[in-house]
Amino acid sequence: MSTEIVITSLFIFALSGLLGFELIRRIPKLLHTPLMALTNALSAIALVGSIVILGQGTTTYAQVLGFIAVVCSSINVVGGFIITDRMLKMFKPRAPAA
């Protein structure tokens, strides 16, 4: 893999990260729960893709990047489900005090 491709890929990754951060930051609080459910689904797709990359890694470089992608995607999926569950619990009616 040439140096130009790596630099271009890192630039695109950094730019997409900043753009995603700004987009999420500007979303109204009311839309966060449905948005979290959607991003969990997208993270699961990214997890499947990273598992495929890890499994087909022909070089050590590809295997290391695939492993990092699997770990990051797994953390993202699990964390997203925990946050979504916590947010959905906020909308459940509370039990009356006895």
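Student: How many salt bridges does the count come to?

Tutor: The count comes to 1 salt bridge. Keep in mind that this is a predicted model.

Student: Which residue does Lys-89 form a salt bridge with?

Tutor: Asp-85. The closest N and O atoms of the pair are 3.5 Å apart.

Student: How many residues apart are Lys-89 and Asp-85 in helix α3?

Tutor: They are 4 residues apart in α3, so about one helical turn separates them. In general, an α-helix has 3.6 residues a turn, so residues three or four places apart point the same way.

Student: And is Lys-89 buried or exposed?

Tutor: Lys-89 counts as exposed, because its relative accessibility is 51% and the cut-off for exposed is over 50%. Asp-85 is partly exposed, at 41% relative accessible area.

Student: Let's zoom out. How many helices and strands does the protein have?

Tutor: There are 3 helices and 0 strands. Along the sequence the pattern reads α-α-α.

Student: What share of the residues is buried?

Tutor: Buried residues make up 15% of the 98 in the protein.

Student: What about the span of α3?

Tutor: Helix α3 runs over residues 60–90, which is 31 residues. At 1.5 Å a residue it should span 45 Å, and its end C-alpha atoms are 45 Å apart, so the two agree.

Student: Which residues of α3 are buried?

Tutor: Gly-66, Val-70, Ser-73, Val-77, Gly-80, Thr-84 and Met-87.

Student: Pick Ser-73 from those. What is its relative accessible area?

Tutor: Ser-73 has a relative accessible area of 11%. That counts as buried, because the cut-off is under 20%.

Student: And which residues does Ser-73 touch?

Tutor: Leaving out residues up to four places away in sequence, Ser-73 touches Ser-43, Ala-46, Leu-47 and Ser-50.

Student: Where is Ser-50 found?

Tutor: Ser-50 is in helix α2, residues 32–55. Ser-50 is buried, with a relative accessible area of 3%.

Student: What is Ser-50 in contact with?

Tutor: Setting aside neighbours within four places in sequence, Ser-50 contacts Gly-66, Ala-69, Val-70 and Ser-73. Of these, Gly-66, Val-70 and Ser-73 are among the buried residues of α3.

Student: Now Val-70. Which residues does that one touch?

Tutor: Val-70 touches Leu-47, Ser-50, Ile-51 and Leu-54, with residues up to four places away in sequence not counted. Val-70 lies in α3. Its relative accessible area is 16%, so Val-70 is buried.

Student: What separates the C-alpha atoms of Val-70 and Gly-49?

Tutor: The distance is 8.6 Å. Along the chain, Val-70 and Gly-49 are 21 residues apart.

Student: Last one. Of the contacts with a separation of 6 or more, what percentage comes from residues 24 or more positions apart?

Tutor: Those pairs account for 59%.

Methods:
Residues are numbered from 1 along each chain as its sequence is written. This is a predicted model: local features need pLDDT of at least 70, side-chain atom pairs count only at pLDDT 80 or more; totals for chains, interfaces and linings use all residues. Side-chain values use heavy atoms; hydrogens and water are left out. Helices (H or I, at least four residues) and strands (E, at least two) are DSSP runs, numbered from the N terminus. Buried means under 20% relative accessible area, exposed over 50%, partly exposed in between (1.4 Å probe, protein chains only). Contact means heavy atoms within 4.5 Å. The expected span of a helix is 1.5 Å times one less than its number of residues. A salt bridge is a side-chain nitrogen of Lys or Arg within 4 Å of a carboxyl oxygen of Asp or Glu.
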